[in-house]
Amino acid sequence: MMLRLLPCALLVGSCLAQQALVANIEVEDWVAPSPSDGTLFVAAGSKIYFRSSHGPWTSWVTDGTRAGTRPMTNRPCYSIVPFGGGDRVLTSCDIPGIGREPCLYDGATFQLSVVKDVRPGPAQGMTSGQLTVLDDYAYFAANEPVHGLQIWRTDGSEAGTEPATDMVFTGLGTIVAANTALFFVGRTAATGMEFWRYDPATGVTTSAGEVIPGTGSPIGLMFLTPFGDGLLFQSLATGSSTGYYTDGSTMTQLPAAARSPRAFTDLGNGVAVFAASDTSNRAQLWRTDGTAGGSVQLTANTNSNATIGPFVSVGGRAVFPASIGSSGSTPVELWTSDGTAAGTHLATPTGAYGSGFFPKNLVPVGNEVWYAASAPGIGNELFHTDGITAGLLADLLPGSASSFPEDLADAGNGRVIMNTRIGSPTPIPTISDGTLAGTLTLVTPDFSNGDSFPTNFTQCGNRVVFSAQQHSFDSYRRVYVTDGTPQNTARLEDPGPGTSGGSPIDFRRFGQVTLFTAQPSVYRALWRTDGTPAGTYELGGALVAEPTTFAGESLAVFRGHGPEGNELWIADGTPTGTHLLADINPNGDSSPTALCAIGDLVCFRANDGVHGTEPWVSDGTAAGTVQLADINPGIGSAGPGSMVAVGDVCFFAAQGPQGAELWRTNGTPAGTLLVTDLNSGPASSNPDDLVTAAGLLFFSADDGSGIGRALWVTDGTSAGTTLVADFVAGNSLNIVEAAGTKNGLFLILDDGTGRGECLFFSDGTPAGTERILDLGPSTYGGFRHPTLTTILGGSMVAFAADDLVHGMQVWVSAGTAASTQRLSSIGLVGAADISDLAAIGNSIYASVDEEVNGTEPWRFEVGATQIAFTAFYGDGCHGATSPAITIGANGTPVIGDATFGIELQGADVNTAGFLFYSRGMLSQSACSLAIMPPIEFHSAHVVNAGITTTAPLPIPNHPALAGADLFWQWAMLHPSPGFVGLFDLTGGMQTHLGF
């Protein structure tokens, strides 16, 4: 059959939403962005950037509207400077796998890109977060192996990011741009820590003079301020801190009488003012022209508690708060100075607004200075001055209530951006033109973005259950059920009263119900739910269970704690069917763990108090619960590690006479065997990272040959245990995450080639092991751990990752670079966070914070995309004498693939198989029809060339077929059929056509 013979309309299923918020469960928490103290607002083009302490978000961008206010990135970023024109800024960010490096952010496209990985690898190239712009370049301190510690520059391109000077320093400090030159603090062996000058026109770096000649270093090089063609600063050379000026060649000391000078401010007329302490430690106002003779004290303050500054320059005058007078109770008022004693006076009439005026947060706006201050009957509001007189600008919260403006910054066009508490108990960014009508809080003060932190997504019949937190003030979690839509998302019965306890965890699908454990009071008990309040209740009555591990399909075997201690328990989903299965260690705890289900058996490790911790098996009866082997004879323990099922075999690592090696068991003592002594003799290969994929077991181990820990694969035999890949030559492999599918193994790891964490795929052969996704430059990782999840019945994987372009999103892969694609497009670029992925049918459920609704449950439909995949569902059945048969795919159903086919696996030779298809899924239960009527016959096949046969299904090269679904199932004639006395059946398989 060719797909083109079917009408396209019959192939295309209903259109599903590719991504959707399941429900906004937590809606009562106020968690609006709250910029931290000292927020720095930076205007660039039509955008304004600022820092925030809200959640993981550290940098934000706004266009001056609520809708246009969004997180810039979820990475720690430091200095932000306008650069390159338009809405672009240069910033320094800490990027996982790359370190702290210069990054460019475009506020028009909301995209962050790494300019250059100055020091390749995870070590940071930039030694601080500071960026200083001079003309067309930004300068910063960086250290990398080739050039050492130097001043670098960037024009915003990788090629244009290079060392600015060939001088190597042992330490670098503050960098300041003054007129046409760059001044910076640098340490060399010959000069100690001193000032240097860099001339971009000549590329020459020279000493800007030494505070302490020779190799000595001055203390406290502070308050570096550009002034004219040079720099004013404070330093401690001998005895006390004094002021200095350097023009790049000559260092001049200001009068020693001006002690601890600070807040240097250039008035723009060849004069600067600053505050300093006199010999009586009283604050005084000074002026300077950069020379000792041109430095003059302007005030004769006798108030020992006086404060002066900081200063703002406007119209050739300095405006500043000060408490200058003769009394210790002199209030802080607004002052102004033109740099002369006569021109230094109050800008606010004394007592005009009471004694508690306290002006602060001054910022120039046009020809004025705006600032915050307090006044009786007005509150803490917005004031302004022209440098001569001052007054109220706007009472943003009329009456005596206060808006508390702070962190004011010029937003352009006669506006300021600041933090206020208008309609909020915490500071929120606000923009204002100085009028009530022109004042807008940039974050809507509503209660819609709390966090419910959903997790434990588990299938329950045809719905999904999960746990979530309903109230921010109540850490107690509840159990919810959903069909993936807000209207059908509801809370089930609470597994515990009050505001603490409950804590439902260990969710596990068990037939048509879900089992989980909860702690309603002082113990943890086993619960079950069918997705209804009435069907959600505790099992086992007085059972006291520790966090459990379940195994088995028809019976849940788990570790429970009762009067007998930590022993093996069993449950069938009913209260009466939950009980102790076996008291393996009558004199203590057997602590059964690492449960592994194979067929009707459950293998695990336990300690009977006689033989140590060894492998055991149970068939669900006390008599059928027995030790499989005493691998480490006597009271010594083999300590079996994690047990992993591959078909009807459980694999595990255990310590025996051959060291710690790989073992296997089929659930019988005779079938419990050493797979291979990989590191021969008593030495250990220490198998770890056991994962089943493509019917094989993948694991990491060290065979003692000198290659270190590498990736291996086995079919369960010594001859079939082979090396897959030595990813990190000569070093040990470190697998960050791994997930197995029907086609092979997916791995996230760093192979040491300088690419950082990448996604790899392996079919179990060296040739079939390759890197399929590298998210970013250099050693950038970008993967969210742990999220690598097998989906679609074992056909593909999903994971959360950030490619530095689209932010954190959900990705899927079928094992090739072409099939590795971004599935979602949620949130604001660089701002989303995704965790707790769970695959349920064709859906991926996850806990998502897209910075609108808080951390809430989301659903992503793989079937709503044009990504090709096959998905398996349901369980087949067979007669007593016939083998289990399964359905599979030969490749991925890609448009134009003439080689694609539907496989029949596991059938006896010389038996007849019949392949059927339909346009819908019927059931996910065992031993039933898996495809919805009307059912159409595809082809018949006789298995005569082995146990796997393939029905060809060439897919036409027709783009209109993308997104189409067909559902398939094999039936086989056999002497002892399992289905209604006629056929053996496979489960169902969905083919979703795509590119």
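Student: How many disulfides does a search of the whole structure find?

Tutor: A disulfide is a covalent bond between the sulfur atoms of two cysteines. The criterion used here is a pair of cysteine sulfur atoms within 2.5 Å. Searching the whole structure gives three disulfides. This is a predicted model, in which local features need pLDDT of at least 70 and side-chain atom pairs count only at pLDDT 80 or more, while totals for chains, interfaces and linings use all residues. Residues are numbered from 1 along each chain as its sequence is written, and side-chain values use heavy atoms, with hydrogens and water left out.

Student: Which pattern do the disulfides of the protein chain follow?

Tutor: Counting bonded cysteines along the chain, the pattern is 1-2, 3-4, 5-6.

Student: How far apart are the sulfur atoms of C77 and C93?

Tutor: The sulfur atoms of C77 and C93 are 2.0 Å apart, and the two residues form a disulfide. The link of C77 and C93 is right-handed, with 100° about the S-S bond. C77 is in strand β6 and C93 in strand β7 (residues 88–95), so-called distant parts of the chain, 16 residues apart. Strands here are DSSP runs of E, at least two residues long, and helices are runs of H or I, at least four residues long, numbered from the N terminus.

Student: Is C77 buried or exposed?

Tutor: Buried means under 20% relative accessible area, exposed means over 50%, and partly exposed lies in between (1.4 Å probe, protein chains only). C77 counts as buried because its relative accessibility is 0%. C93 also has 0% relative accessibility and therefore counts as buried.

Student: Which strands form the open sheet with β6 and β7, and in what order?

Tutor: Strands of a sheet pair through backbone hydrogen bonds, either parallel or antiparallel. Two strands pair if DSSP finds at least two bridges between them. In this open sheet, four strands run in the order β6-β7-β8-β9, with antiparallel pairing. Its edge strands, β6 (77–82) and β9 (111–114), each pair on one side only. On average, neighbouring strands of the sheet are turned by 30° against each other, direction ignored.

Student: Over how many bridges do β8 and β9 pair?

Tutor: Strand β8 (residues 99–106) pairs with β9 over four bridges, in the antiparallel sense. Y105 has L112 in β9 as its bridge partner.

Student: Which residue does a disulfide join to C596?

Tutor: C596 is joined to C650, with an S to S distance of 2.0 Å. The link of C596 and C650 is left-handed, with -100° about the S-S bond. Because C596 lies in strand β49 (residues 593–598) and C650 in strand β54 (residues 649–656), the pair ties together parts 54 residues apart in sequence. Both C596 and C650 are buried.

Student: What is the handedness of the disulfide of C877 and C927?

Tutor: The sulfur atoms of C877 and C927 are 2.2 Å apart in this disulfide. The torsion about the S-S bond is about 65°, so the disulfide is right-handed. C877 is buried, with a relative accessible area of 12%, whereas C927 is partly exposed, at 28%.

Technical notes:
Axes fitted to C-alpha atoms, helices over the stretch in contact; angles between N-to-C directions.
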